[in-house]
4 protein chains.
Amino acid sequence: MADNPVARALGRASFAGAFGDTAYARAMLAFERALAEAQADAGLIPAASARSIAAACEALHPSGEQLVGEARRSGSLAIPLIKALTEEVRKHDAAAAGHVHYGSTSQDVLDTALVLCLKPCLEVADRVLGAAAGLLAAHARRHARTLMLGRTLMQPASPITAGLKIARWANSVSRCRSRLSAAASRALCVQLGGAVGALDSLGAQGAAVRAGVARRLGLADGPAWHTQRDALLALAAELAILIGAIGKIARDLALLQQAEVQEMQESQGGGGSSAMPHKRNPVACLQALAAAVRAPGLLATLMHAANQEHERALGGWQAELATWPDLAEAAGGALDAIERIAAGLVVNPERMAANLEATRGLVYSERLARHLAARMDRAAASAKVEQWCAQAGKEGRHLKAVAAASLGENLDRVFSPDAVLADLQPAQEEQLTGL
Amino acid sequence: MADNPVARALGRASFAGAFGDTAYARAMLAFERALAEAQADAGLIPAASARSIAAACEALHPSGEQLVGEARRSGSLAIPLIKALTEEVRKHDAAAAGHVHYGSTSQDVLDTALVLCLKPCLEVADRVLGAAAGLLAAHARRHARTLMLGRTLMQPASPITAGLKIARWANSVSRCRSRLSAAASRALCVQLGGAVGALDSLGAQGAAVRAGVARRLGLADGPAWHTQRDALLALAAELAILIGAIGKIARDLALLQQAEVQEMQESQGGGGSSAMPHKRNPVACLQALAAAVRAPGLLATLMHAANQEHERALGGWQAELATWPDLAEAAGGALDAIERIAAGLVVNPERMAANLEATRGLVYSERLARHLAARMDRAAASAKVEQWCAQAGKEGRHLKAVAAASLGENLDRVFSPDAVLADLQPAQEEQLTGL
Amino acid sequence: MADNPVARALGRASFAGAFGDTAYARAMLAFERALAEAQADAGLIPAASARSIAAACEALHPSGEQLVGEARRSGSLAIPLIKALTEEVRKHDAAAAGHVHYGSTSQDVLDTALVLCLKPCLEVADRVLGAAAGLLAAHARRHARTLMLGRTLMQPASPITAGLKIARWANSVSRCRSRLSAAASRALCVQLGGAVGALDSLGAQGAAVRAGVARRLGLADGPAWHTQRDALLALAAELAILIGAIGKIARDLALLQQAEVQEMQESQGGGGSSAMPHKRNPVACLQALAAAVRAPGLLATLMHAANQEHERALGGWQAELATWPDLAEAAGGALDAIERIAAGLVVNPERMAANLEATRGLVYSERLARHLAARMDRAAASAKVEQWCAQAGKEGRHLKAVAAASLGENLDRVFSPDAVLADLQPAQEEQLTGL
Amino acid sequence: MADNPVARALGRASFAGAFGDTAYARAMLAFERALAEAQADAGLIPAASARSIAAACEALHPSGEQLVGEARRSGSLAIPLIKALTEEVRKHDAAAAGHVHYGSTSQDVLDTALVLCLKPCLEVADRVLGAAAGLLAAHARRHARTLMLGRTLMQPASPITAGLKIARWANSVSRCRSRLSAAASRALCVQLGGAVGALDSLGAQGAAVRAGVARRLGLADGPAWHTQRDALLALAAELAILIGAIGKIARDLALLQQAEVQEMQESQGGGGSSAMPHKRNPVACLQALAAAVRAPGLLATLMHAANQEHERALGGWQAELATWPDLAEAAGGALDAIERIAAGLVVNPERMAANLEATRGLVYSERLARHLAARMDRAAASAKVEQWCAQAGKEGRHLKAVAAASLGENLDRVFSPDAVLADLQPAQEEQLTGL
């Protein structure tokens with residue numbers, strides 16, 4: 001996408017230029033340099049040519065506008081870049097000009113540049129997610145005995161602990177991080193194949209050159225993936241899943257931060273408003289939710305783009321290249337959000353207790369029904385409890401009081417927070433294992 | 001999205017900055033100016049204040065980087081813009097500073113800026129589509145009697161004319177243009193509602209002010225649509241449908257331009273390759289197909305974003321603002337493509353005739369079956385013809401010869417191009433009506 | 001999709017079989033009958049044949065399993081249907097068998113069957129939406145003076161009325177209904193074109209036959225749209241937009257029905273739980289939100305499918321036919337939901353007042369800032385109010401008290417519910433106009 | 001989705017009922033039985049109760065219509081199922097009725113039933129993909145020395161071998177199979193958590209019971225994943241990627257099967273037409289392409305659904321359950337297609353040679369340019385060859401002749417098929433390694 005400030009403001013500052021004119025040009029030139037150097041190593045071009053090409057790659061700072069303008073005619077950003085590079089090389093070393101981009105093709109440059117631009121973003125992601133999972137796990141441990149309402153279908157369910165809730169968040173972040181890292185190790189692979197992806201122009205040296213390019217660029221080495229994008233799509237999917245997992249955390253948190261709930265806040269402060277002086281908006285949640293709204297459609301685009309024709313697609317591949325920066329931008333927003341949330345999360349045990357209490361024991365209904373089911377069948381127990389719940393609601397009484405009166409029995413153990421806490425500990429510990 | 005040269009190169013040059021830092025800032029400032037002027041007209045603020053605000057709106061050239069940086073904290077690009085504007089106004093007219101953005105809110109500024117940025121793109125679209133439909137209709141009329149293979153399920157079917165094929169393209173472009181224009185007239189509407197969209201801060205003057213803003217900005221006037229995005233989504237859908245319709249044309253054309261088919265070309269020239277000197281790539285088709293791959297996912301994002309909470313969404317609305325520029329970019333690519341195709345389209349009647357002929361009459365099988373069905377039932381006729389087709393294939397003979405021999409009958413009328421042409425004329429004329 | 005009970009349970013009972021084996025077969029047979037009758041009218045086939053075909057269409061009850069089994073081999077459900085019909089006709093009238101499906105093709109049958117299956121669903125939609133908009137408008141009028149919190153970014157904003165909130169819902173339902181109806185009138189069009197969509201096999205009678213088929217089936221008449229799906233996509237888009245608009249209502253309502261908010265309920269009752277006897281789940285909201293999650297992806301699929309090759313697509317068209325029933329199912333769920341919500345909506349003014357009051361006047365901050373802005377500039381006023389808000393929060397006092405003490409001024413007019421109500425009336429009335 | 005014959009006909013016969021009323025009910029009952037048995041093992045319920053429940057689970061054949069009807073009111077298919085099961089148990093063992101579904105909740109039943117329904121589909125997938133990759137690899141080896149046109153941007157590029165092309169298909173199928181299997185091993189996990197997913201109602205026995213249920217059902221054991229769906233989404237993504245990979249094969253094949261190309265066919269036969277007796281439609285490609293059109297949107301829906309609220313989602317989770325059957329259906333279609341293609345693929349070396357030859361040497365242009373680049377720089381060489389290509393085109397001569405004449409040099413080595421084949425071998429072997 002051309003520059004758009006609204007989208008950029010939702011993203012992560014350090015990702016803003018990750019796929020910009022400069023970054024893309026530098027990545028393409030890094031590819032051309034590594035290619036020349038690996039070819040010199042393999043004896044395919046003179047070492048002097050590789051040096052000249054390397055120097056030109058450093059010296060060249062092509063104008064994005066000009067590249068884009070010419071690319072609009074040819075359909076490939078690589079063509080004007082290579083032309084400019086060849087001219088730059090020729091200025092100093094006419095012989096070397098013939099060795100620029102040797103045996104390669106546009107897609108090699110552009111696909112390798114894509115993964116080179118992605119790589120630092122994924123390194124940031126790994127670091128941020130590791131730290132966030134750790135901080136969230138610490139929050140979880142801190143609130144291992146803080147009871148709060150569990151909520152299903154957006155209605156009060158049974159009690160959980162804040163620790164369990166946050167531990168699930170932490171665990172999902174940690175799982176997504178580890179799958180993302182595995183997917184990245186497969187997908188961040190050099191693309192080198194020449195005209196039809198067969199490396200035929202490099203003859204017997206093809207494999208050695210490709211390995212040399214990969215090593216120089218810090219990428220994995222492997223067969224050309226120009227038309228079989230499955231490994232890259234698996235990476236995109238893991239990014240989208242991660243964005244969704246963070247979005248779920250933000251959804252929970254935004255619900256908990258509502259004025260009527262106030263059980264958690266994303267941080268002490270909050271974003272202001274242009275109209276309302278009192279506003280404290282959950283800006284990190286906003287960022288995460290915006291990213292979660294964007295990611296599925298972007299992933300779907302990448303998936304559709306995979307229906308590529310023959311040895312290089314007409315339109316699908318190009319749409320893929322154009323969509324990755326948006327997915328990375330959304331990921332950046334989600335990372336920013338989880339970083340801010342993990343660092344700033346505020347838990348409010350008093351409000352949790354108050355909201356639990358305000359249900360007048362209704363959220364213990366399942367425990368009460370289980371208690372009853374020891375002496376009658378489950379359906380009958382459930383019906384009985386349902387009736388007490390209705391009565392408690394109508395009379396404004398606590399469910400425990402209504403049930404105890406009806407049963408003529410002390411129900412302290414059923415309605416005991418300590419008993420609930422004990423029951424919840426295994427699940428909580430399981431979620432925190434390894435974090 | 002932050003700047004990305006690959007995506008930009010697929011788009012239309014004149015759309016590149018349509019939602020960029022400068023365009024967005026100017027649109028937001030245009031809103032603030034119109035608001036102040038309309039409020040002065042309504043007597044809500046002094047005319048002098050409106051003049052000062054207008055002057056500051058002209059004078060202010062905020063740094064995109066700075067706006068974005070501050071917006072990352074507040075979650076709204078409008079907040080730093082209004083702050084900067086207020087400071088600019090205060091420099092010259094302290095009293096007027098209090099009248100900046102009066103009664104309005106971030107979403108008013110940002111939504112109105114969005115439609116202001118969209119407006120010129122849609123005006124271009126209308127012009128380009130009108131011209132393209134006309135040019136395509138002219139091509140269609142020129143080839144009203146050029147027979148070619150109709151193809152279904154990517155296999156030869158019955159003959160059509162090049163004119164009919166192109167007329168369908170033209171008609172779909174024309175229909176999409178007219179629906180797009182209707183959708184735009186509803187969606188390009190001022191957004192003015194203040195904090196909760198109710199215009200309550202302007203009291204009885206609300207409607208007059210809103211109408212004044214709309215008139216100044218060349219937008220429709222109507223109730224706040226900040227949380228009910230249906231009209232805007234209907235516009236997005238029409239853009240996506242248009243992009244898809246152009247994508248279908250490009251799909252057909254790319255298939256017809258294959259070396260083995262060569263029945264049409266998008267233009268005389270073609271894009272080159274960084275590896276293969278002989279390449280003539282269908283770059284306009286590439287552009288259109290890339291846009292068609294992107295549009296559905298972007299539309300899906302906009303649709304999801306519509307699930308907005310209460311009086312202003314947390315994340316969904318912001319994702320919508322961030323996605324529109326991508327959809328406009330895709331539309332720009334599609335417009336560029338159809339403009340180039342309509343202007344440059346090359347039709348090759350010789351190859352059409354040759355490819356028809358190469359089927360050895362098989363594509364007349366349905367006509368032959370209809371001819372036979374006058375004397376036997378349809379299933380029997382079909383079976384008979386199927387058998388002749390197989391025989392013709394095996395013996396390398398023309399279906400007409402095989403059938404004529406078997407029937408002992410002259411089949412010139414069945415296999416007559418003139419008869420086919422006559423049968424095709426009504427459909428062709430129907431498609432061209434009104435174009 | 002093959003039968004799935006979970007999906008079906010989210011849908012509308014009356015839509016469950018709308019695209020099922022029986023409905024599809026009946027729609028295809030209705031087409032074949034209408035075709036034969038229209039062709040008899042035009043003198044293309046004998047009236048006796050048309051009668052025999054009509055009789056066979058009534059008599060035939062093909063097995064879905066068998067049709068599907070054969071369709072798996074041929075790629076078209078129409079082929080085995082037509083074969084079965086031809087055999088049925090031949091039993092009673094051998095001559096008529098040759099006139100079955102005359103001049104038509106698989107896509108004619110299947111596309112026309114699609115719109116025939118859609119038609120009653122859209123009629124239900126129109127009726128349900130009309131009634132729902134009316135009922136919602138009545139709720140809105142009833143609560144025209146019920147103040148409640150406006151909420152932006154999921155945080156308290158300024159006050160609105162329940163009437164305004166519901167009026168916006170009603171208005172969006174009404175707008176969506178009217179755009180849907182316009183789209184349906186264009187898209188519910190007969191498809192008749194024969195092998196390549198040109199109606200060439202019917203010669204000069206083509207237009208008359210097509211009009212006759214359309215009239216018999218209660219569909220619009222128009223040129224073949226077999227490969228130009230824009231009108232159908234525009235209808236799909238309007239359905240998705242409608243589903244989204246209802247989803248937004250359900251989102252608001254689910255938030256308002258939270259135990260801590262309790263300002264509205266979708267109905268007096270509610271769905272139960274298999275585990276928790278006290279649960280009252282907002283099942284209509286569930287249904288609407290599930291539909292809203294599904295619709296964008298389904299629409300995106302339809303949009304992608306539009307990239308069809310030549311005179312009949314390979315895969316794209318078929319995917320479209322397979323996706324429409326899911327979109328209709330989602331629409332059915334949304335209609336069910338809005339019908340239940342509009343009928344059963346419960347508004348709780350006491351809780352609205354209590355939640356407003358619980359903000360201790362903070363939601364009047366924008367009014368207070370406007371009041372101040374008469375004597376100082378907007379930024380200064382905003383800063384002042386922000387400081388009072390912080391103070392009120394810290395000291396647990398009402399904003400009005402804090403501000404009044406600081407200003408030494410009676411602020412009753414600023415914090416007056418009646419003044420707020422007066423300011424909100426115009427927006428509310430505007431939304432209700434015409435409902 | 002309710003029953004739809006068009007969609008079903010695009011799917012795999014054996015998948016048709018995989019998520020149907022019967023399969024879902026059986027899967028839910030299998031869960032309830034395993035739960036009771038595992039609880040008896042853990043001493044939580046009497047062994048006799050577990051036996052009675054197991055017997056009732058076998059005996060019960062609930063009506064899908066009835067379950068769905070009741071589920072429409074409660075929002076959960078599990079509620080009526082458990083009610084019916086409890087009644088069935090009570091008929092024979094009143095005491096055991098109280099032990100039905102003990103400590104569990106709707107989502108446990110439904111989520112576990114979902115993965116139980118998925119499991120056999122994935123087992124089929126693994127088997128089909130293994131066989132298809134093997135058969136494709138055999139085709140590839142058979143055509144290791146069959147030269148054909150490589151095509152980029154749908155235009156002739158440089159030569160490849162049919163073996164290389166098919167090897168890439170085989171390799172992608174094999175890679176997708178292996179990632180799918182890894183994702184399945186993580187996602188096919190029992191869901192057991194009770195009301196809020198914490199297994200609190202089973203106290204210290206929770207882990208043992210869950211493990212027992214998992215073992216009985218042949219699923220993995222692990223923490224509740226009711227609200228953290230990342231592992232399931234990763235499986236969905238791998239299915240979508242697989243469908244896309246098969247779609248890419250079908251796209252290539254459909255292009256190669258065009259009458260003007262005829263280089264491959266999906267099989268000897270082909271699907272017929274209701275109108276055109278000569279048609280041989282690529283039905284397996286149709287099926288694969290339809291699946292590839294559907295999968296991205298379905299995946300996007302699942303991704304969106306992941307934005308779930310708190311301890312059980314309102315709408316999102318239910319939409320997910322409703323969408324999986326569609327994704328499985330699409331996968332079934334893709335599997336059917338690749339099975340048919342791998343078994344039936346026809347390669348036509350004569351047409352490959354003829355189409356190569358028809359370019360009059362143009363596809364050797366890159367080799368020629370490389371040859372020239374030994375004596376001049378790359379840009380100059382490319383320009384020279386471009387000029388010869390134009391000349392060859394204009395004069396209808398072979399590029400070799402034109403270049404040889406201009407250079408006064410024998411170019412046999414440049415235009416040598418054997419040299420090309422030698423250059424292509426390494427890439428081909430690399431793709432086939434391990435297949």
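Me: Which residue of chain D comes closest to the rotation axis that relates this chain to chain B?

Reply: That's Glu260(D), with its C-alpha 2.8 Å from the axis. Bear in mind that this is a predicted model.

Me: What makes chains D and B touching partners, and how many residues are in contact?

Reply: The test is heavy atoms within 4.5 Å. By that test, 39 residues of chain D are in contact with 39 residues of chain B. Together the two chains bury about 3300 Å², with 58% of it on carbon and sulfur atoms.

Me: Why do Arg151(D) and Glu260(B) count as a salt bridge?

Reply: Their side chains come to 2.8 Å, N to O. The cut-off is 4 Å between a Lys or Arg side-chain nitrogen and an Asp or Glu carboxyl oxygen, so an Arg–Glu pair at that distance qualifies. The rule finds two salt bridges across this interface, along with six residue pairs in polar contact, both residues being at pLDDT 80 or more.

Me: Which elements build the chain D side of that contact?

Reply: β1 (147–152), β2 (155–161), α10 (230–256), α11 (283–305), α14 (365–373) and α15 (378–395) of chain D each supply at least two residues. The largest share, five residues, comes from α15(D). Sorted by class, this side has 19 nonpolar, 12 polar and eight charged residues.

Me: On to chains B and C. Why is their relation called what it is?

Reply: Chain B goes onto chain C by a turn of 180° and a shift of 0.0 Å along the axis, at an RMSD of 0.1 Å. That is the relation of a two-fold axis. The same surface serves both copies here too, with 98% of the contact residues of chain B recurring in chain C.

Me: How many residues meet there, and what area do they bury?

Reply: 87 residues of chain B are in contact with 86 residues of chain C. The buried area is about 7100 Å², 57% of it on carbon and sulfur atoms. On the chain B side, Arg168(B), His310(B) and Arg378(B) supply 10% of the area buried, more than any other three residues.

Me: What makes Glu430(B) and Arg210(C) a salt bridge?

Reply: The N to O distance between their side chains is 2.5 Å. The limit is 4 Å, so the pair counts. The rule finds eight salt bridges across the interface of chain B and chain C, plus 32 residue pairs in polar contact, both at pLDDT 80 or more. Helix α10 (residues 230–256) of chain B gives the most to its side, with 15 residues. In all, that side has 40 nonpolar, 23 polar and 24 charged residues.

Me: What makes the pair Asp111(A) and Arg229(A) worth a look?

Reply: Their side chains meet in a salt bridge at 2.7 Å, N to O. Asp111(A) lies in helix α7 (residues 106–142) and Arg229(A) in the loop between α9 (206–217) and α10 (230–256), so the pair ties together parts that are 118 residues apart in sequence. Over all chains, the count comes to 136 salt bridges.

Note on methods
Residues numbered from 1 in each chain as written. Chains lettered and ligands numbered in written order. Predicted model: local features only at pLDDT ≥ 70, side-chain atom pairs only at ≥ 80, totals over all residues. Heavy atoms only, no water. Least-squares fit on C-alpha atoms with pLDDT ≥ 70 in both. Buried area = accessible area lost by both parts, 1.4 Å probe. Polar contact = N/O pair within 3.5 Å; in protein donor to acceptor, adjacent residues only side chain to side chain. Helix = DSSP H or I, 4+ residues; strand = E, 2+ residues; numbered from the N terminus. Nonpolar A, V, L, I, M, F, W, Y, C, P; charged D, E, K, R; others polar.
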